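Open the model in a viewer and keep the selection panel at hand. The stops below take in a cavity and then a helix pair.

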Amino acid sequence: MKLSGARIITECLLEQGVDTVFGYPGVSIIRVYDELYKKRGKIKHILTAHEQGAAHAADGYARATGRTGVCLATSGPGATNLVTGIAAAFMDSSPVVFITCNVDEALLGRDAFQEVDITGISMPITKCSYLVRSAGELAGTIREAFALASGGRPGPVLVDVTYNATVEKAEYAYLPKEEHFGRGRSERLMRRGEKVLTQPETDIRDVKRLAEMLKSSERPLIMAGGGVIRSAGAAETLRRVCREHGIPAVSTMMGLGALPSDDGLFLGMAGMYGSDAANRAVGQCDLLIAVGVRFSDRVTGDAGSFAPGAKTVHVDIDRAEINKNVLTAHHIVGDAGKVLSLLSAELKGYGAPPWAEKDGDRELSAPERIIKTVEKLAPGAVIVTDVGQHQLWTCRTFGFSRPGQLITSGGFGAMGFGLGAAIGARIGVKDTPVIHITGDGSFRMNSPELATAARYGLKIISVIMDNSSLGLVRQKQAAEYGGRFYQTELAGGPDYVLLARAYGLRGERAENEKEFETLLSDMLRSGKGGIIDCITDKDEMI
Amino acid sequence: MSSSAKLTRQTLSVLVENSAGVLSQVTRLFSRKGYNIESLAVGTTDDARVSRITVILKGTDRMAEQIAAQLNKLMPVISVQILTGKKAIYREFVMLKVKADGKDARDEIMQIVNVFRAAIVDISRSSLMIAITGDEEKTEAFIKLMSDFGLIEIARTGLIAMERGDGSIRDLSKDRAEYELGKSI
Ligand SMILES: Cc1ncc(C[n+]2csc(CCOP(=O)(O)OP(=O)(O)O)c2C)c(N)n1
């Protein structure tokens with residue numbers, strides 16, 4: 001069957017079972033939109049206010065559902081507006097396929113109107129970026145892009161398509177998704193990429209050795225990272241391993257939810273803003289089993305003096321992570337869930353000596369009490385944050401109970417991530433409340449996405465922790481720069497209540513904790529989303 | 001880990017699919033980590049769709065292992081081989097133009113060329129163009145001698161390298177790469 005390139009793109013989306021895409025049109029990509037129009041009964045297109053919002057939404061959708069997100073944008077500024085979103089997905093290993101269109105092939109490299117080398121720009125922030133110049137290459141490339149985005153360690157992939165490739169016709173034959181592997185654009189390429197695309201086979205000898213190390217250790221500790229969240233079923237297996245064998249665990253920010261916060265063996269988040277118990281345990285353990293982490297500097301501090309008394313064992317699906325930041329005594333390459341179940345089989349009858357203790361109840365600060373109120377009223381909600389103090393308070397205080405419950409830009413720390421990601425999460429998960437916890441600075445960055453929430457009737461509750469400042473930076477100025485608060489105070493900003501109402505959403509203000517609780521519980525019950533402008537003290541510090 | 005912190009010459013042979021941008025994908029990894037590439041040579045192989053890139057860098061074993069692991073993640077990369085010291089044979093091709101005013105200089109240069117088994121490939125009134133192949137030691141020594149006469153210009157391919165013995169870089173599929181990188185079992 002001969003079809004236009006644009007049609008092939010939409011057929012390929014259907015092959016993948018895609019029913020939702022996020023994006024923003026333009027003239028270079030107009031043919032694709034015309035085909036999407038014809039398929040509007042099967043593929044829902046969410047129009048955001050800005051391409052960055054679309055990118056974060058596709059990312060948030062992927063994180064909330066475990067499926068691959070899809071994001072479309074036009075050439076030039078449309079494509080460059082995606083960049084922060086691509087990078088955020090890349091740093092947190094979130095599978096998203098970005099499809100951009102470029103100018104006509106004949107105009108490439110001539111600084112044509114709205115031409116930009118997005119494949120070059122996105123090279124360092126994607127698993128792979130492709131430039132497709134003819135319709136004939138499209139199907140194979142898109143199939144490969146999807147396989148790559150979700151295979152191995154997930155991440156974003158970008159396919160840039162020249163305008164002519166969307167217009168010209170090429171042979172297309174439907175190929176069910178299961179048969180894509182090994183039948184891609186280039187069979188050889190797919191076969192070679194096997195290791196990158198599929199889960200590497202774990203060497204059982206490696207697992208046996210880890211079991212031996214565990215049995216001879218006195219103070220073993222597991223550190224769970226984002227890999228445990230991304231690997232299907234891994235969190236459940238981890239819970240079983242910890243409980244059956246009494247091994248205490250900590251998590252990184254990206255690993256929150258891997259273990260339920262109320263589990264007696266879960267000591268909290270490790271790192272710069274982590275819990276005392278978690279950091280104490282990392283300092284004291286004699287065996288650290290790090291699963292699906294990349295030893296971010298925010299977790300290790302000075303990598304040389306991290307977990308000083310411990311032998312470190314690194315379990316990761318990505319071989320290139322081993323010994324990158326922290327030198328390890330042993331490593332296992334493989335999928336977190338699989339390695340953990342292999343390990344559990346090797347540990348029959350083993351019980352770790354009890355040694356680590358959870359933190360006792362501590363007194364919560366005012367902003368932390370707001371987070372606790374959110375937890376009390378909506379314990380199962382998907383929590384999406386932006387970046388700043390509010391994010392750290394959330395990670396430290398909210399009791400996450402399942403993987404995927406927290407959606408946050410941990411690796412890239414992109415302010416403005418939250419609202420777009422909440423939109424994606426809201427579309428991806430049906431019956432759970434989606435609560436966006438943000439700061440006034442972050443909220444201002446992408447607040448036009450309120451238009452998207454309103455347009456599609458998405459019930460998202462944005463809790464703005466409004467301290468009239470860029471709290472996390474201001475706090476550093478207080479602590480290390482003699483209180484010279486420069487460019488971090490946001491007084492005189494817009495009235496967020498009125499702003500939300502201008503978009504046709506609910507806007508409320510809470511001056512104190514009591515009001516906040518009343519408003520939030522009312523908003524959770526009502527059908528309409530919006531914002532709660534929650535006034536907080538700018539001198540609160542984390 | 002077997003890596004020592006010594007800075008030595010690290011040679012990486014990289015077999016890649018000839019796709020758009022593959023060279024910049026490969027070199028980007030070095031600049032990102034702040035590693036300086038000392039030399040870079042690229043050429044096709046017996047399969048026209050496949051090129052072989054030889055990268056030389058001054059670094060520790062760990063640096064080479066890290067780069068190799070990152071290279072292995074790139075889709076167009078077929079295999080990566082770290083070559084060290086006597087395990088491999090290294091060659092480079094150098095062309096140089098030297099001043100040769102008068103018969104004395106010319107005779108002297110020709111003698112050196114003979115000793116080094118280099119070749120004079122072009123002669124003009126006051127200069128000679130010479131081509132030489134060899135490992136770095138040989139080419140460096142030759143260049144040093146020629147500079148006494150006055151170098152006009154020089155072009156070097158950069159080193160290429162191949163492992164001794166029966167093995168092939170093709171054996172190092174992405175699956176085997178794990179073992180090549182000093183798996184600790
Ligand atoms: C896009 C972007 N720009 C700048 C920063 C640096 N930065 C980190 S936290 C922060 C302040 C965030 O302020 P706000 O969103 O109000 O949250 P708060 O810290 O007050 O809770 C800034 C500016 C960033 N992370 N992302």
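Select A:Arg63, A:Gly226, A:Ile229, A:Arg230, A:Met253, A:Met254, A:Leu256, A:Gly404, A:Leu406, A:Ile407 and A:Thr408: these residues line the largest cavity. A cavity here is a set of points on a 1 Å grid over the protein atoms alone where a 1.4 Å probe fits but cannot get out, and lining residues have an atom within 4 Å of a point. The model is predicted: local features need pLDDT of at least 70 and side-chain atom pairs pLDDT 80 or more, while totals for chains, interfaces and linings use all residues. Residues are numbered from 1 along each chain as its sequence is written, chains are lettered from A, and side-chain values use heavy atoms, without hydrogens and water.

The space in this largest cavity is about 100 Å³, taken as the space filled by probe spheres set on the points. The whole structure has three cavities of 30 Å³ or more.

Now colour by secondary structure (DSSP runs, helices of at least four residues and strands of at least two). Helix H12 (226–230) and strand E16 (406–407) of chain A each supply at least two lining residues; H12(A) gives the most, with three. The lining has six nonpolar, three polar (Gly counts here) and two charged (Asp, Glu, Lys or Arg) residues.

Next, select helices H11 (204–215) and H16 (336–346) of chain A, which pack at about 55° with axes 9 Å apart.

Terms used: Axes fitted to C-alpha atoms, helices over the stretch in contact; angles between N-to-C directions. 1 Å grid on protein atoms, 1.4 Å probe; cavity = no way out; pocket = protein on both sides within 12 Å on 5 of 7 lines; lining within 4 Å.
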